[in-house]
Structure formats: structure tokens, C-alpha cells
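Let's take a walk through this protein together. Have the sequence and the 3D view ready, and follow along as we go.

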Amino acid sequence: MAVNELQENIVASGKTIFNILNFQIAEVFMKIPADNKKGKLHIAFDPSGKYDSSTGIYTLIFSFIASDIETDKLLIKIVSITSFGFEPDMQLEELPDYFY
């Protein structure tokens, strides 16, 4: 799902830090057996990102994974990809810490 037309701006101290250029759900897997009503889950988050300082675009890949704690069987996996736009030629060290 793209949100190019939405172009959300995040503002801090009266100055725009970045724009959300694109957001998409790239992968969805869900298979929960009917008898797994009381099963305990192992929950994992796997964020990774790549920054291109020449264009000012930071691409964040965020995965959510849930598996059965006893069998280690994958139950849920959701992968999203979000592109954030910064000023071109902005160096990685200048990005807010929560991006990496």
C-alpha cells in the first residue's frame, strides 16, 4: 500500500526532519492452527535499513515474526518497507538515532 499522496511530515522544533515517501506491506504470512488457543508465542522484531546520502532516502525494512514457543513453528510474519526522504547530501550521522 503506497502513501505517496499522503506525504506525512514529521515536525520537530518547527523544522521538518523527514517525509514518508512510501509505505508498503511486502509480505504477510499467517497460519494459526485452531488448537493453538493457549499456545505461548515467541515474538521477534527485525528492523534493518539502508541510507543513500546522495538522494537522502532511507529505506526501512521491518519484520514482525511470531512463532510457537514449544515447536518453533512460524505462525505470523509481516514485512513492511518504508521509504523516508531527508535532505539530499545529509550524512548518516546527521539522521535521528531512532533510524538506525
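Start with strands E3 (residues 41-52) and E4 (residues 57-68), which pair in the antiparallel sense over twelve bridges.

Now follow the chain onward to E5. E4 and E5 also run antiparallel, joined by eleven bridges. Here you can look up Ile57, which has Gly85 as its bridge partner in E5. These two strands make a hairpin as well, with five residues between them, and Asp72 in the turn shows a positive phi of about 65 degrees.

## Rings that meet

How many aromatic pairs does the structure hold? There are six of them. One is Phe45 with Phe62, a tilted pair with 5.9 Å centre to centre and 35 degrees between the planes. Phe45 sits in strand E3 and Phe62 in strand E4, so this pair ties together parts that lie 17 residues apart in sequence. Phe62, at 30% relative accessibility, counts as partly exposed.

Phe45 has another partner too: with Phe64 it forms a tilted pair, 5.6 Å centre to centre and 55 degrees between the planes. That pair again links distant parts of the chain, from Phe45 in strand E3 to Phe64 in strand E4, 19 residues apart. Phe64 is partly exposed, with a relative accessible area of 22%.

Ring pairs also build a cluster, made of Phe18, Tyr51, Tyr58, Phe84 and Phe86.

Confidence is highest in strand E5 (residues 74-85), with a mean of 96, and lowest in strand E1 (residues 9-12), with a mean of 41.

Over residues 1-13 the pLDDT is below 50, although this stretch has 26 contacts in the model beyond near neighbours in sequence. Where pLDDT is low, the predicted coordinates should not be read in detail.

Note on methods: Residues are numbered from 1 along each chain as its sequence is written. This is a predicted model: local features need pLDDT of at least 70, side-chain atom pairs count only at pLDDT 80 or more; totals for chains, interfaces and linings use all residues. Side-chain values use heavy atoms; hydrogens and water are left out. pLDDT is the predictor's confidence in each residue, from 0 to 100. Helices (H or I, at least four residues) and strands (E, at least two) are DSSP runs, numbered from the N terminus. Contact means heavy atoms within 4.5 Å. Two strands pair if DSSP finds at least two bridges between them. Rings of Phe, Tyr and Trp (its six-membered ring) pair if their centres lie within 6.5 Å; planes under 30 degrees apart count as stacked, over 60 as edge-to-face and the rest as tilted. Buried means under 20% relative accessible area, exposed over 50%, partly exposed in between (1.4 Å probe, protein chains only).
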